Each structure stands twice: as structure tokens, then as C-alpha cells.
Amino acid sequence: MAEKNDGKMSREEAGRKGGEATARNHDKEFYQEIGRKGGEATAENHDKDFYQEIGKKGGETTAENHDREFYQEIGRKGGETTAENHDKDFYQEIGRKGGEATSKNHDKEFYQEIGEKGGNARNNNNKD
């Protein structure tokens, strides 16, 4: 639909042509710069709730469009990249922080329950 009956270009056609011209006239750095500026402007105009909401929506959409294998693959890739970029001290620190956060959020019964589950799983694995 290049033109309307009155000889004028549609908004969609004008946008497409403008986008094509911009792509011909600008390089990767141009797009990085406008992306950076857009991100800064968005951060100035929105709060934590905004980012939580768009993150939630994005996560829901991703979950609708991908299966378990997708998440396994991106988890594996992320784990490999993290392992390449961090040393033993990094893992000790995040383990310490995770343990502290867990102990603040859970009581004795929680630890008893997960201990029992772990013992049962180990026992079942040893029977095989």
C-alpha cells in the first residue's frame, strides 16, 4: 500500500521509507548512541515499579513462547559465561550472601524440611 487514493503516502509507508533511509545513512555507533540516550531518558522518567511491570510482562511473554529446553540452554550458556569471568572468591562471596539471605528469611522448620528431603533423595539414589 504505497499510496492512498488522494496521492499521499500512508503513515506506515512513510515510516518504512524513513527507517530504510536512516539505516542506509547511519552505522552501529549511531544506534548505540540513540539507544543509550533513550535508556537514560526512560530511567529519568520512570520508577522501580515501571521496570518491575515491564520485566514481569516480558517474562510472561517469554514463558509463553519458549519451552523447558530453551531455559536449560540459556541457563547453561549463562553459567558457562559466569564461570569464565569469575573466580573462586566470587562464588564464595555469592554463596555467603545467599546463605545469609536464606537464614534471615527462613526458620528452623525450613532447614529441617530441606534436610529431610535431601536425605531422602540421597537414600533413594543409593538404592539404584
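Student: Hi! Is Tyr31 buried, exposed or partly exposed, and why?
Tutor: Hello! Tyr31 counts as partly exposed because its relative accessibility is 37%. Keep in mind that this is a predicted model.

Student: Okay, and what about Phe30: which class does that residue go in?
Tutor: Phe30 has 26% relative accessibility, so that residue is classed as partly exposed. Buried would need a value under 20%.

Student: How are the rings of Phe30 and Tyr31 arranged?
Tutor: Their centres are 5.1 Å apart and the planes sit at 80 degrees. Planes over 60 degrees apart count as edge-to-face, so that is what we call the pair of Phe30 and Tyr31.

Student: Nice. What kind of aromatic pair do Phe90 and Tyr91 form?
Tutor: Phe90 and Tyr91 form an edge-to-face pair, with 5.1 Å from centre to centre and 85 degrees between the planes.

Student: How many aromatic pairs are there by this rule?
Tutor: The count comes to 5 aromatic pairs.

Student: New topic! Where is Gly55 found?
Tutor: Look at helix α3, which covers residues 48-65: Gly55 is in there.

Student: And how does Gly55 count for accessibility?
Tutor: As partly exposed, because Gly55 has 45% relative accessibility. Exposed would take a value over 50%.

Student: Last one: how many residues lie between Gly55 and Ser103 in sequence, and what is the distance in space?
Tutor: Gly55 and Ser103 are 48 residues apart in sequence. In space, the distance from C-alpha to C-alpha is 27 Å.

Technical notes
Residues are numbered from 1 along each chain as its sequence is written. This is a predicted model: local features need pLDDT of at least 70, side-chain atom pairs count only at pLDDT 80 or more; totals for chains, interfaces and linings use all residues. Side-chain values use heavy atoms; hydrogens and water are left out. Rings of Phe, Tyr and Trp (its six-membered ring) pair if their centres lie within 6.5 Å; planes under 30 degrees apart count as stacked, over 60 as edge-to-face and the rest as tilted. Buried means under 20% relative accessible area, exposed over 50%, partly exposed in between (1.4 Å probe, protein chains only). Helices (H or I, at least four residues) and strands (E, at least two) are DSSP runs, numbered from the N terminus.
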